[in-house]
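Colleague: I have a structure to review and would like to go through it with you. Could you put it on the screen?

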Amino acid sequence: MTDGGARPRRSGRIGGAAWTLYDAGRAPSGLGLGYFVCDDPQAADRRAALPAGQALADLDDDAFRALWEAGRPLTATERRVVDGSGAIWLAQGMGPVWAEGGSAAGTTGLRLRCVSAHRPVVELNGATLSGTSDAELIARIGAPEGVAPSSD
């Protein structure tokens, strides 16, 4: 898989730990997903909404801290995965879209978004975060979209 280059990032220190904030993607409206990764493996990664038009390079230390404080730790349906090249991925469980009448439409699975580099989003239909190891996720990063991990 070709690396499309690094995503914008900014580093800073909060509470004695080094944090890196990645601009993990933007919607057409300009709103974005900020993903905080700590150098301390015991600290929980965080995510935050990035305002439209806010460039990470323009954040001063106070704005960096305010964005970190406004962020939230990852939920039980999210986790960090680092592939063999060192790229950082956010694995997120996705559920069905509830249609009118209370019925589920679509499928469940996992969505992997590379937050450290410009790489295509990978969707694994039918996979669950609790039932899929990091090694299985890493093996599937280069697989075609919609391929479910093997059960063996």
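Modeller: Before the scores, one term: pLDDT is the predictor's confidence in each residue, from 0 to 100. This is a predicted model, and the protein averages a pLDDT of 84, with 82% of the residues scoring at least 70.

Colleague: Which elements have the lowest and the highest mean pLDDT?

Modeller: Strand β8, residues 97-98, has the lowest mean at 55, whereas helix α1, residues 61-70, has the highest at 95. Over residues 144-152 the pLDDT is below 50, although this stretch has 16 contacts in the model beyond near neighbours in sequence. Where pLDDT is low, the predicted coordinates should not be read in detail.

Colleague: Understood. Now the sheets: what is the order of the strands in the five-stranded one?

Modeller: The order is β1-β2-β3-β4-β5, in an open sheet with antiparallel pairing. Its edge strands are β1 (9-14) and β5 (72-73), each of which pairs on one side only.

Colleague: And what does α1 touch there?

Modeller: Helix α1 packs on the sheet and touches β1, β2 (17-26), β3 (32-38), β4 and β5. The direction of α1 makes about 85 degrees with that of β1.

Colleague: How many bridges join β2 to β3?

Modeller: Seven bridges join these two antiparallel strands, and Gly25 stands opposite Leu33 in β3. The two strands form a hairpin with five residues between them, in which Gly30 takes a positive phi near 100 degrees.

Colleague: Let me pick one residue. Is Leu21 buried or exposed?

Modeller: Leu21, which lies in strand β2, counts as buried because its relative accessibility is 0%, and the cut-off for buried is under 20%. Leaving aside neighbours within four places in sequence, its contacts include Tyr35, Phe36, Leu56, Phe64 and Leu67.

Colleague: Changing topic: what is the order of the four-stranded sheet?

Modeller: That open sheet has the order β6-β7-β10-β11, with antiparallel pairing. Strands β6 (78-82) and β11 stand at the edges with a single partner strand each, so one side of each is left without a neighbour in the sheet. On average, neighbouring strands here are turned by 25 degrees against each other, direction ignored.

Colleague: How do the pairs line up?

Modeller: Five bridges join β6 to β7, and Val82 has Ile88 in β7 as its bridge partner. These two strands form a hairpin with five residues between them, and Gly86 in the turn has a positive phi of about 90 degrees. Six bridges join β7 to β10, where Gly93 is partnered with Leu110. Finally, β10 and β11 pair over four bridges, with Arg111 opposite Glu123.

Colleague: Why is β7 described as largely enclosed?

Modeller: Six of the seven residues of β7 are buried, so the rest of the structure largely encloses this strand.

Colleague: Which residues touch the most other members of the largest nonpolar core?

Modeller: Of its 14 residues, these are Trp89, Ala91, Leu110, Leu112, Leu124 and Leu137. Strands β7 (88-94), β10 (109-114) and β11 (122-125) each supply at least two residues of this core, and β10 gives the most, with three. Leu137, leaving aside neighbours within four places in sequence, is in contact with Arg79, Val81, Ala91, Leu110, Leu112, Leu124, Leu129 and Thr132.

Colleague: What does the second core include?

Modeller: It is a separate core of 13 residues, and Leu21, Cys38, Leu50 and Leu56 are among them.

Colleague: You mention a cysteine. How many disulfides are there?

Modeller: The count comes to zero disulfides. As for burial, Cys38 has a relative accessible area of 5% and is therefore buried, and Cys114 also counts as buried, at 0%.

Methods
Residues are numbered from 1 along each chain as its sequence is written. This is a predicted model: local features need pLDDT of at least 70, side-chain atom pairs count only at pLDDT 80 or more; totals for chains, interfaces and linings use all residues. Side-chain values use heavy atoms; hydrogens and water are left out. A nonpolar core is a set of buried Ala, Val, Leu, Ile, Met, Phe, Trp, Tyr and Cys residues joined through side-chain atoms within 4.5 Å. Buried means under 20% relative accessible area, exposed over 50%, partly exposed in between (1.4 Å probe, protein chains only). Contact means heavy atoms within 4.5 Å. A disulfide is a pair of cysteine sulfur atoms within 2.5 Å. Two strands pair if DSSP finds at least two bridges between them. Axes are lines fitted to C-alpha atoms, for helices over the stretch in contact, and angles run from 0 to 180 degrees between N-to-C directions.
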